[in-house]
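Welcome, and take a moment to look over the sequence and the 3D view.

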Amino acid sequence: MPVQQAMVLAQRWLHSGQPLPAIDVLRQITQQVPGFADAWMMLFAALNHSADQQGLVQDAQRCLASKPRFIPALTSLSLAKRITQQHSDALRLIDKALKLEPTLAELHNHRGVILKEMGRSDAALESFKRCLALQPDNANAIWNRSDMVGALTAAEYQRCQALASGDKLSPNQRAMIYYSLGRSDESAQEYARQFDNIQAGAELKRSIVPYQHSAELSQIEKAAAAFPTAASASAADNLAGKPTPIFICGLPRSGTTLTEQILSSHPSVAGGDELNDLPLACGQWLARKGIRKTFPNWVADMPEDGWQAIGNAYLDSTKVLQDGGWFTDKNLQNYKAIGVIRKALPHAKIVVCRRNPMDNLWGCYRQFFSEGMYFTYQQEELADIWNASEKLIQHWRNTGSDIFVMEYETLIAEPEHTIRALLDFVGLPWNDACLNFHENKRSVRTLSATQVRKPLSNSRVAQWQRYEEQLQPMLNRLDRQ
């Protein structure tokens, strides 16, 4: 097949939401024509979209073997290293790219993100500053530094207002800047203005995302129906002595990153962050069997040895995290997948994070998510998801006793008692480092990277009440029975 025709075929696969066959085609193209830059860039994008970090590492390294100065390969490899918690390697790669292209603004932004997640705030701010000196309207850098700088100066605030309300940037970039303005407003205690900026950003973001609310609610409802009873532990014997995953489950802003920070402060626990290894293991098994159904519609087709294959594939792909015997996985879809976890990894530990629903939902609404979490940009839709997720979590609790519920407010009020109970559940001895989690030097890749480096505080408890008048649509839709 001619190369250009193969490229068109790969694009069609990607546009139809089927990245795996597109990746296969693009790999063939890059093997036949290793100098074809467009094919490499499309391959990196497809692998990143699929969250196949192992594949991204392998293909980026393959590209660099023949094109060692190719910036997209260096940045893609750096991204994969960062996502897999190898921040020192990620920083080394981005520094190499910057030596080749020192005036490329986005490379400085990328470097700032790595440093921010490593807890090197001053160096991160310097990288963001360099990015904005080269490209003052770089929305990524404006957003990435916004939780580090406090209230903006009057001149910078006005410049960001002009960018947000103008038409120079894309709608997604403008939404990002509206949320950045909201962070500045909060620091300045301009709460009414903060809400207005967040609402403007949310409405803009919601207008451009491909979200089907009824489909999201249906998937949550079907997840319970797919696993109506307690899972058999027949596969547990095959996993005896294997490292123990700790799946941290909950809606965004429910305390999942805080819980992971506490657990990963224990010397026996590695923090995995938002791993995509479980859905990827499922997707790869389904692809091999030729099953093209979305979750949870394929569950009924899964034989017992299929669950074991998925569990083994997951453990194989997470080996880098397993030296201490325990590791965390806080993928934000985990709460839907507890039935899958029980079948594929019956020895795993499951922690569900909860907090006051209005605090949780306000935490979601005030946050810009780079991708996914599309239900967070509309108040009533957010409340619907809370209602549905609560029913699903109750179903998981009714069908198994293998869940520890981490209540945010209880953790704030009784930290040592709560952390001791958590460690007992996981099967770990007490360690003082878990109580002093904010001193943990590990890299944190999620949106709470700045917050979890601070001691526990009740500053976010009942914070939604500050905006009670504006949040009436959400409050009225919430099921408070």
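## A helix across the sheet

Helix H14 (residues 256-264) lies across S1, S2, S3, strand S4 (349-354) and S5, and runs at about 155° to S1. Here helices (H or I, at least four residues) and strands (E, at least two) are DSSP runs, numbered from the N terminus. Contact means heavy atoms within 4.5 Å. Axes are lines fitted to C-alpha atoms, for helices over the stretch in contact, with angles from 0 to 180 degrees between N-to-C directions.

This is a predicted model, in which local features need pLDDT of at least 70 and side-chain atom pairs count only at pLDDT 80 or more, while totals for chains, interfaces and linings use all residues. Residues are numbered from 1 along each chain as its sequence is written, and side-chain values use heavy atoms, leaving out hydrogens and water.

Now to the sheet itself. It is open, has 5 strands in the order S2-S3-S1-S4-S5, and its pairing is parallel. Strand S2 (269-270) and strand S5 (403-407) are at the edges with a single partner strand each, so one side of each has no neighbour in the sheet. Two strands pair if DSSP finds at least two bridges between them; strand S1 (residues 244-249) and strand S3 (residues 326-329) pair in the parallel sense over 4 bridges. Within S3, Thr-328 is the bridge partner of Ile-246.

| Pair | Angle | Axis distance |
|---|---|---|
| H15 (residues 277-289) and H16 (residues 304-317) | about 130° | 9 Å |
| H5 (residues 71-83) and H7 (residues 105-117) | about 15° | 12 Å |

Angles under 35 degrees count as roughly parallel, over 145 as roughly antiparallel, 65 to 115 as roughly perpendicular and the rest as oblique. H15 is therefore oblique to H16, and H5 is roughly parallel to H7. Residues making the contact include Ala-281 and Trp-285 of H15, and Ala-309 and Tyr-314 of H16. In the other pair, Leu-79 and Arg-82 are among the H5 residues that meet H7, where His-110 and Glu-117 are among the partners.

## A buried aspartate

Asp-59 is found in helix H4 (residues 53-66). Is Asp-59 buried or exposed? Its relative accessibility is 4%, so Asp-59 counts as buried (under 20% relative accessible area, with a 1.4 Å probe and protein chains only). Setting aside residues up to four places away in sequence, Asp-59 touches Arg-27, Trp-40, Leu-43, Phe-44 and Leu-47.

Notes: Buried < 20%, exposed > 50% of the residue type's maximum accessible area, 1.4 Å probe, protein only.
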